[in-house]
Amino acid sequence: MATVRLENLRKEFDAGDIVAVDDVSLTIDDGEFLTVVGPSGCGKSTTLRMIAGLERATGGRVHIGDDDVTDLSARKRDVAMVFQNYALYPHKTVFENMAFGLRMSTDLDEAERAEKVEWAAEMMGIPELLDQKPDELSGGQKQRVALGRAIVREPDVFLFDEPLSNLDAKLRVEMRTEIQRLQEELDITAVYVTHDQEEAMTMGDRMAILKDGVLQQVGAPKEVYRAPANEFVGGFVGSPSMNFVDVRSESTAGGVALVAADEESAFRTTLTGPAAEGLEPNEPYTVGVRPEDVSVVDDGIATTVEVVEPVGADNYLYLDVSASFIARVPAAVEPATGERIEVDFDESAVHVFDRDGEVVGVPERDDPVPVEA
Ligand code: ATP
């Protein structure tokens with residue numbers, strides 16, 4: 001078990017033309033499960049590979065436990081990595097695949113190695129597969145072997161690089177739970193890279209969001225969802241995505257009104273509470289409202305229903321409030337396409353972003369989640 005501490009980590013490729021990771025500082029606590037999420041090319045894998053020692057940092061330091069491992073080779077770091085493509089040796093049996101790392105990195109004798117492999121196979125529920133070769137296994141079984149191979153060494157740190165991307169949706173959900181169970185039982189610090197925000201939210205004790213190599217926000221999933229630090233995080237975390245409307249601010253007697261910049265839109269909301277603090281009059285802002293915070297009401301923002309998309313318990317209503325605006329409402333709320341309806345949301349559901357996309361003020365929350373350091 002160990003803390004992982006990244007200090008101003010930087011990685012350049014092509015003589016500095018590409019900055020894959022830009023000044024990332026982050027501490028992953030002992031026994032914590034941290035998910036790292038962001039769009040393709042944002043530097044997730046490169047960050048993970050620098051922790052593993054598979055990629056050399058251009059600048060900054062990597063600490064594991066009390067040690068500065070920045071200049072240590074991968075083999076000398078007590079980490080185990082699980083990849084998307086399983087990376088199993090095709091000609092070795094499951095047993096041999098799992099025992100191989102032990103043979104290379106420990107001085108255990110054969111009997112001790114066998115005992116460890118059997119323990120790990122038991123943990124992963126695959127003892128009956130030990131004599132098989134990888135090409136005889138399903139994708140889910142291969143990933144169990146890859147996980148078994150990672151835990152057999154009982155590393156200080158688990159590193160996962162999109163380990164479930166090759167699995168079908170049902171198996172993915174099953175394996176998520178399995179990985180979480182494993183990490184909790186073994187109490188190993190884990191860093192888990194994924195492009196899937198739902199996976200990042202459901203699995204992580206905390207999640208780190210990257211964009212263009214730059215860390216945008218780190219926090220408990222609930223906290224990031226409720227109080228995104230900027231427009232990018234607001235739009236990236238949550239599904240369907242947060243709705244955005246370009247507005248202008250106007251002072252009113254009771255607070256600040258935010259009125260759609262697009263004259264065709266009836267969007268207008270007045271903030272009176274803490275969310276209004278920090279807003280200048282007559283300035284452009286972007287308002288963010290989550291689809292699940294929008295309800296159909298008798299007296300609100302008038303709009304036309306463009307599409308009704310049923311998704312089981314809920315309906316997604318596509319509305320012409322802005323270029324893309326969705327209300328997520330219970331399935332019983334079922335307006336017709338083309339119908340005029342009115343929608344509204346609570347003031348506490350309004351996120352306001354400035355021209356640089358940074359959040360302005362902190363919206364009032366019903367049950368605020370403490371912000372972690
Ligand atoms: P994905 O989800 O697509 O795997 P990612 O967030 O993991 O993306 P990285 O693989 O870390 O992103 O890549 C970050 C940036 O660095 C990208 O622009 C990528 O093209 C670039 N990059 C990564 N590895 C190399 C390399 N070996 N040589 C040159 N550029 C690289």
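**Figure 1. The area buried between domain 1 and domain 2 of a predicted model**. About 550 Å² is buried between domain 1 and domain 2, and carbon and sulfur atoms give 55% of this area. Buried area is the accessible area (1.4 Å probe) that two parts lose on being put together, summed over both. In domain 1, the residues that lose the most area to domain 2 are Y225, P228 and E231, which together make up 86% of what that side buries. This is a predicted model, in which local features need pLDDT of at least 70, side-chain atom pairs count only at pLDDT 80 or more, and totals for chains, interfaces and linings use all residues. Residues are numbered from 1 along each chain as its sequence is written, and side-chain values use heavy atoms, with hydrogens and water left out.

Figure 2. Six residues from domain 1 and seven residues from domain 2 take part in the contact, where contact means heavy atoms within 4.5 Å.

**Figure 3. Polar pairs at the interface of domain 1 and domain 2**. Two residue pairs are in polar contact across this interface, both at pLDDT 80 or more. A polar contact is a pair of N or O atoms within 3.5 Å; within protein, one must be able to donate a hydrogen and the other to accept it, and residues adjacent in sequence count only if both atoms are side-chain atoms. Between domain 1 and domain 2 there are zero salt bridges (a salt bridge is a side-chain nitrogen of Lys or Arg within 4 Å of a carboxyl oxygen of Asp or Glu).

**Figure 4. Residues around the ligand**. Among the residues around the ligand are F13, P39, C42, G43, T46 and E162, each with a heavy atom within 4 Å of the ligand. A polar backbone atom of C42 is 3.0 Å from an oxygen atom of the ligand, and for a backbone N or O atom of G43 the distance to a ligand oxygen atom is 3.0 Å. T46 places a polar side-chain atom 2.5 Å from an oxygen atom of the ligand.

**Figure 5. The salt bridge of D22 and R10**. The closest N and O atoms of D22 and R10 are 3.0 Å apart. D22 lies in strand β2 (residues 18-28) and R10 in strand β1 (residues 4-13), twelve residues apart; strands are DSSP runs (E, at least two residues), numbered from the N terminus. The whole structure has 19 salt bridges.

Conventions:
Helices (H or I, at least four residues) and strands (E, at least two) are DSSP runs, numbered from the N terminus.
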